[in-house]
Amino acid sequence: MRHPTTKPFISSSSPCESPFFLLTTTKPFTTTATTTTTTINPNPPPDLLTILSNPNWQKNPSLKTHKFTSFQVSSLFNDNINTIDPQTALNFSHWLSHKQPGGFKHTVHSYSSLLNILITRNFFAAAVKIRFLMIKCCNSVEDVDFVLGFIRKLNGLKFTVRCYNTLLMTLSRFLMVDEMKKVYLEMLGLMVVPNIYTFNTMVNGYCKLGKVVEAELYVSKIVQAGLSLDTFTYTSLILGHCRNNDVDSAFRVFKIMPNKGCRRNEVSYTNLIHGLCEAGRVDEGLKLFKGMEQDNCFPTVRTYTVIIHALSGLGRKSEALQFFNEMKEKGCEPNVHTYTVLIDCMCREHKLKEARELLIGMLNKGLALSVVTYNALVDGYCKEGSTESALEIVDLMQSKNCSPNARTYNELINGFCQKREVHRAMALLNKMLEHKLSPGLITFNSLIHGQCKAGYLDSAYRLLNLMLENKLVPDQYTYSVLIDTLCKRNKLEEARSLFDSMEDKNVKANEVTYTALIDGYCKAGKLDAAQSLIDKMLSEGCLPTSYTYNAFIDGLCSEEKLDEAVLLVEKMVKLGVKPTVATYTILIEKILKEGDFDHARRVFDHMVASGTKPDLYTYTTFLHAYCKIGNIEEAESIMVKMNAEAIVPDSLTFTLMLDTYGRLGLIDCAFDVLKSMYDANCEISRHTYCFLIKHFLNGKMTRENKTLIDIHDVWKILEFDIILELFEKMLEHGCAPNIKTYCKFIRELCKAWRHDVAVRLLDDMKGRGISPSEAIHNSLFNCSCELRIFSDAVKLVDTMIEHGHLPNLESSKLLICGLYEEKNEEKAKEVFCNLLRCGYNSDEVTWKLLIDGLLSKGLGDECSELLRIMEKNGHHLHSQTYALLIERLDRL
């Protein structure tokens, strides 16, 4: 038992060409097996120009049945700039905004096309109003850039100070201060005199970015112009100082406002409270909040939200909820941001049910939720491993016309990768690209980590190449994950080579990267190499952390160098690195292995005296030692201590107790431990069941005077009837077999090639009304492929797709290669086409089925045929993957 020491980081005969395959239907957002669709608009747009030529165009029934897009409107105006009547165009634009069924929202492009008509026909008064609307409707930096370019080319429209102020406010909204300065200078060049609103907008724009020095230049211009600083000016300066991490200066501005004849308002308070909270001075922020009413100011929804967010971030949830309830009592209705903060807080506290209820409550109140709100809950579910629930939230957001963004996908991808369901994560990469979202460094890092975690190192390297092809630069995390994986596979030379290559790529190794390689050397017993790396680390100015030292201490203990390990702990302290609970637990474990319980207790007492609290791993280390010598009384006392200190046992802790009871012949006590695991909602591992089955069988063997069973032979000899007996015994102890039980049993039976017993168990679970999971189907699928029972494997692929499950690509590789080897080409192509319907990432399909599968067996013609099938059905490969495929084909 080890305490974690580091943080891991196509031919005409192809069945795909049938019309049935090409006609598919759309399903909700999911990563399960699905098909794609091409939809046709049943109501093509009417001939708008003809309709608008009629004086009574508003009565035309076509306008009531068709919802026009801004693109259609832009095209209409652009294509008919000299033929459409300008007043009609203006009226139609107004009708769209106020009367179109389903609503209509103008864009900068639809307004610009309307402006072209109005200016060409000298409708200048109307053009001025439309220009204002166009500036105000900007939704992105790209919109603002377009508007700037467009209005600078307009002829015949003069710019007033009001128009310039509107433009400056829009630029300020998108933090485009360089453009603001250009517009301000352009304004002066055209002899348009700035007013207080102009100067305040400039001050506010710079203050949003914390650029107080630049803002103060425009403050001085206010004075030079004979104008007075007002509340808005001072409030902007408070914001600027806070954004510049200078809260004390913000406080000074706040204090002088009354002396300057400026009343402090709610925004002044909120800006300063927010600055204090961001600086970690939350209690000062609370004090300021409580004094608002004395200044005749009353907290706004933003003020409350700032406080709730700060308290939630500190884990002070009860106080946050008090403020949430207070604001509602005072008639200050929480907004989407307020609810989002609370949802995020609940998710971090693992209260997902409450978070979901809060989100549903928001929808019931008619609040328009943003993608940020949905993402908070998606992230919460993914971190808990509940990816299916996360997908339900994504379906819900899409049903409310809210589209997932790159962060949504990144959270889902990371969630699936953490569960080792990397095929689903890769399928989501496809969906990102379909929705015109660009995968970033976070996306690829999660996928690389997922491939490594699932054991597919080759695919991880291929993703690294895709990153580089997409002009993304791998960072320290990317390299740390790959180096850690190589070390765990005992590929130390390759890990060191990759580590050394970082310098050539201008990526500086950090403490995580160093620690991954140091840990690898230590676990391989190469302590000199590890020490050399620590020396290099120090020479590079990268300070070792407790994780680094723990890896080395663990290595020393493994090499029977306990005294040196103790000396290193003392050295840590001298270097200012505090030993952690993991440090002490590593030493305790080694001492206990030597049988010196008194020494181990002294180290434990020293740890507690130094202010370090023991954790689950510390107690489990002691418990393991007592269980090993059969001292069940001491082991039980450890469990009592853990309970008293609110430390929840994990699967390993329970399993050690279960095994000890079993070895002592106390089989009922062993089943009682299983019941405790059920009650604690603790994951029951394959090891738990392995020990339980062993002791259950040995109890029978003892009564029948037969040879006892070794732990390694459990799944090899386990029969179906014995499983049913075991399940009955579990029921007697209140442990009803569930989907997880069947999953563990079927998976272990399949690993032991007990295909017939696994199939009988599958039938049994169906008979009990339990539907097989994707994991169960994949276990049977892999077993069928490994045993070359391809007829069963083909049926399982069909069943899985029918149930929305994804067949494992590694097993699919075995099936397709096996079918080709048995000269069953048509069935191989049929299976391949069925797999293509599942939404896998095309590159991953190519890597695992074509390159690692068919080409590795020399089946070049078959590979080329399946490639043609992919291309004919719209499955396009990344250029890097295609080049790799051609290179491998050329080698044959």
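The legends below describe an overall view and several close-up views of a predicted model.

Figure 1. Along its principal axes, the C-alpha trace of the protein chain spans about 105 × 75 × 55 Å. The chain holds 892 residues, and buried residues make up 52% of them.

**Figure 2. Helix α13 (residues 231-243) packs with helix α15 (residues 266-278).** The axes of these two helices lie 9 Å apart and meet at an angle of about 5 degrees, and because angles under 35 degrees count as roughly parallel, α13 and α15 are described as roughly parallel to each other. On the α13 side the contact is made by T231, T235, I238, L239 and C242, while α15 contributes V267, S268, N271, L272 and G275. By residue class, the contact of α13 with α15 divides into five nonpolar and five polar residues, with no charged residue.

**Figure 3. Helix α19 (residues 336-348) and helix α21 (residues 371-383) have axes that come within 9 Å.** The crossing angle of α19 and α21 is roughly 5 degrees, and the two helices are therefore roughly parallel to each other. The residues that make the contact are V336, T340, I343, D344 and C347 of α19, together with V372, T373, A376, L377 and G380 of α21. Six of the residues in the contact of α19 with α21 are nonpolar, three are polar and one is charged; the charged class includes Asp, and D344 of α19 is one of the contact residues.

**Figure 4. F597 and Y626 form a stacked pair of aromatic rings.** The structure holds 23 aromatic pairs. In the pair of F597 and Y626, the ring centres are 5.1 Å apart and the planes stand at 25 degrees, so the pair is classed as stacked. Because F597 lies in helix α34 (residues 597-609) and Y626 in helix α35 (residues 616-628), the pair ties together parts that are 29 residues apart in sequence. Both F597 and Y626 are buried.

**Figure 5. Y689, W715, F727, Y742 and F745 form one aromatic cluster, and two lysines elsewhere have their charged ends over tyrosine rings.** In one of these lysine views, the charged end of K848 sits over the ring of Y456, at 3.7 Å from the ring centre. In the other, the charged end of K221 sits over the ring of Y218, at 5.9 Å from the ring centre.

Figure 6. T846 counts as buried because its relative accessibility is 0%, whereas D852, with a relative accessible area of 21%, is partly exposed. When residues up to four places away in sequence are not counted, T846 touches I851, M870, L877, T881 and L885. With the same exclusion of residues up to four places away in sequence, D852 touches R462, K813 and W847. D852 and E802 are 50 residues apart in sequence, and their C-alpha atoms are 27 Å apart in space.

**Figure 7. N122 and E560 are residues other than glycine with positive phi values.** Phi of N122 is near 65 degrees, and N122 lies in the loop between α6 (108-120) and α7 (124-136). N122 is exposed, with a relative accessible area of 54%. E560, for its part, has a phi of about 60 degrees and is found in the loop between α31 (546-558) and α32 (562-574). At 57% relative accessibility, E560 also counts as exposed, because exposed means over 50% relative accessible area.

**Figure 8. F68 occupies the loop between α3 (62-65) and α4 (70-79).** Although placed in a loop, F68 counts as buried, since its relative accessibility is 3%. The C-alpha atoms of F68 and R173 are separated by 29 Å, and these two residues are 105 residues apart along the chain.

Note on methods. Residues are numbered from 1 along each chain as its sequence is written. This is a predicted model: local features need pLDDT of at least 70, side-chain atom pairs count only at pLDDT 80 or more; totals for chains, interfaces and linings use all residues. Side-chain values use heavy atoms; hydrogens and water are left out. Helices (H or I, at least four residues) and strands (E, at least two) are DSSP runs, numbered from the N terminus. Buried means under 20% relative accessible area, exposed over 50%, partly exposed in between (1.4 Å probe, protein chains only). Axes are lines fitted to C-alpha atoms, for helices over the stretch in contact, and angles run from 0 to 180 degrees between N-to-C directions. Angles under 35 degrees count as roughly parallel, over 145 as roughly antiparallel, 65 to 115 as roughly perpendicular and the rest as oblique. Contact means heavy atoms within 4.5 Å. Rings of Phe, Tyr and Trp (its six-membered ring) pair if their centres lie within 6.5 Å; planes under 30 degrees apart count as stacked, over 60 as edge-to-face and the rest as tilted. A charge sits over a ring if NZ of Lys or CZ of Arg is within 6 Å of the ring centre and within 35 degrees of the ring normal.
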